Amino acid sequence: MGGQSRKWMILVATIWIQAFTGTNFDFSAYSSELKAVLGISQVQLNYLATASDLGKALGWSSGLALMYFPLWFVMFVAAFMGFFGYGIQWLVILDLISLPYFVVFFLCLLAGCSITWFNTVCFVLCIKNFPSNRPLALALTVSFNGVSAALYNLAAMAINPSSSHIYLLLNAFIPLITSIVVIVPILRQPPIDSLPSDAIKHEQLIFVILNFLAAITGLYLLFVHSTDPSTARVIFAGAILLLVIPLGIPGIIYARKWFKKKISSSFPLQGSGLLLVDADDLEFHKELLSRENSQINVMSYGVNGDGPTLTLRLARIIGTGGASDQGCCEKIIGKDQLYMLGEEHKAGLLVKRLDFWLYYLAYFCGGTIGLVYSNNLGQIAQSLGHSSMTSTLITLYSSFSFFGRLLSAAPDFIRLLASRCISSNTNSILFVSSNRK
């Protein structure tokens, strides 16, 4: 019970990390002032924006760091990289210090690298704590990275609407404060236990509820905004409240388990033929019995099993259980396939695969389109004579970026529904077949 509660606290912590560390999305809010202070051209300003995004190309270093250091240490390294990268830029834009252009370029590179380190921490937390529902956990948490600019815009409006360099100060301190806040659940991660099918379905239901809350948060940030500082403070407090609401999930899990335990203990069972058995425990025993009767192991590619998992389960039911059946199935399924989705694979194996390079090229070429637009929002608004609308444009871009990321979970939910339909049809066929015998 405690492990399940801590797992959902980790998910909420991951949402907070993603929501407050997408600091590169607000570059256009202070780019015009940075350009004026440094006395650089538009081309040189574009190079600084590119440096911020180019820091993501060094994201592999976070994976290397995780091989030698704990997760919390990597998170704080990311926080301090952003603290120094954005903090020194804030001093530059206030004319408190003067730095050459190449040093500012390096600071932008360092700040951009911190984002990928935070992303790596979030990916590891989701994959480790939600092995059965990792696609849903990743899609949900990554989507909150898109609302960072909208949240920072609200915070800037609440503090000083006329100041653009306040964004750099927020970029420096908020990720560090967030890291301090979420350190406790990260240090107290629960042990990884296999879940019965009912518990996995219960997790999926919770993810549906969380996606619904996420959509409400995105709509709130999109339609509720104000340039008045006092009103902006209230709106920002409401946004923080929407991010805190998911913390009620661990409490609901505790209350549900406590209620079931109290109900079970309220009935005197001595001398009666009634035996109350927890549904999760019963499903767990069924799973153990099914494993004992199996002759081959089940390989899972995703939540509730996809096509390969279904094939193995059918082979387990209707096959003879011999070594030849197992070898045949493994040859059919294992050909040109990565055996486990979400598990660690050697870099040499990945770079030899065509699908890896297709994904790499799609991300490299497709992602730059949105980045070029978002980084130049300030310049676009200034050239059109609408400099005062820059914050509104940032909020619009951030909100729709959030919804686009949130919709990435739709294929996972569709796959789950299809998997359940196939599983129910298969059970029906096997039931009819057994009755005929």
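Which helix holds both F27 and Y30, and how many residues apart are they? Both sit in helix α2 (residues 27-38), three residues apart, or about one turn of the helix. Keep in mind that we're looking at a predicted model. The ring centres of F27 and Y30 are 5.5 Å apart with the planes at 70°, and since planes over 60 degrees apart count that way, the pair is edge-to-face. F27 is buried, with a relative accessible area of 3%, and Y30 is buried too, at 2%.

A search of the whole structure turns up twelve aromatic pairs. Take W8 and F207: their ring centres lie 5.3 Å apart and their planes meet at 55°, so this pair is tilted. It ties together distant parts of the chain, with W8 in helix α1 (residues 2-21) and F207 in helix α11 (residues 197-223), 199 residues apart. Both W8 and F207 are buried. Elsewhere, F80, F83, F84 and F173 make up one aromatic cluster.

F207 also turns up in the largest nonpolar core, which has 83 residues; L11, M75, L140, F144 and F207 touch the most other members. Helix α6 (residues 101-129) is the top contributor to this core, giving eleven residues. As for L140, if you skip neighbours within four places in sequence, its contacts are L11, I15, F207, L210, N211, A214 and L406.

Now for the surface. L58, W60, L64, M67, Y68, F69, W72, F73 and L187 make a nonpolar patch of about 1,000 Å². Helices α4 (60-66) and α5 (71-93) are the elements that each give two or more residues to the patch. W72, which belongs to α5, is partly exposed, with a relative accessible area of 37%.

Conventions. Residues are numbered from 1 along each chain as its sequence is written. This is a predicted model: local features need pLDDT of at least 70, side-chain atom pairs count only at pLDDT 80 or more; totals for chains, interfaces and linings use all residues. Side-chain values use heavy atoms; hydrogens and water are left out. A nonpolar core is a set of buried Ala, Val, Leu, Ile, Met, Phe, Trp, Tyr and Cys residues joined through side-chain atoms within 4.5 Å. Buried means under 20% relative accessible area, exposed over 50%, partly exposed in between (1.4 Å probe, protein chains only). Helices (H or I, at least four residues) and strands (E, at least two) are DSSP runs, numbered from the N terminus. Contact means heavy atoms within 4.5 Å. Patches are made of residues with over 30% relative accessible area and no salt bridge: like charges are joined within 9 Å, nonpolar side chains (Val, Leu, Ile, Met, Phe, Trp, Tyr) within 5 Å. Accessible areas come from the Shrake-Rupley method with a 1.4 Å probe; for residues, only the protein chains shown count as cover. A salt bridge is a side-chain nitrogen of Lys or Arg within 4 Å of a carboxyl oxygen of Asp or Glu. Rings of Phe, Tyr and Trp (its six-membered ring) pair if their centres lie within 6.5 Å; planes under 30 degrees apart count as stacked, over 60 as edge-to-face and the rest as tilted.
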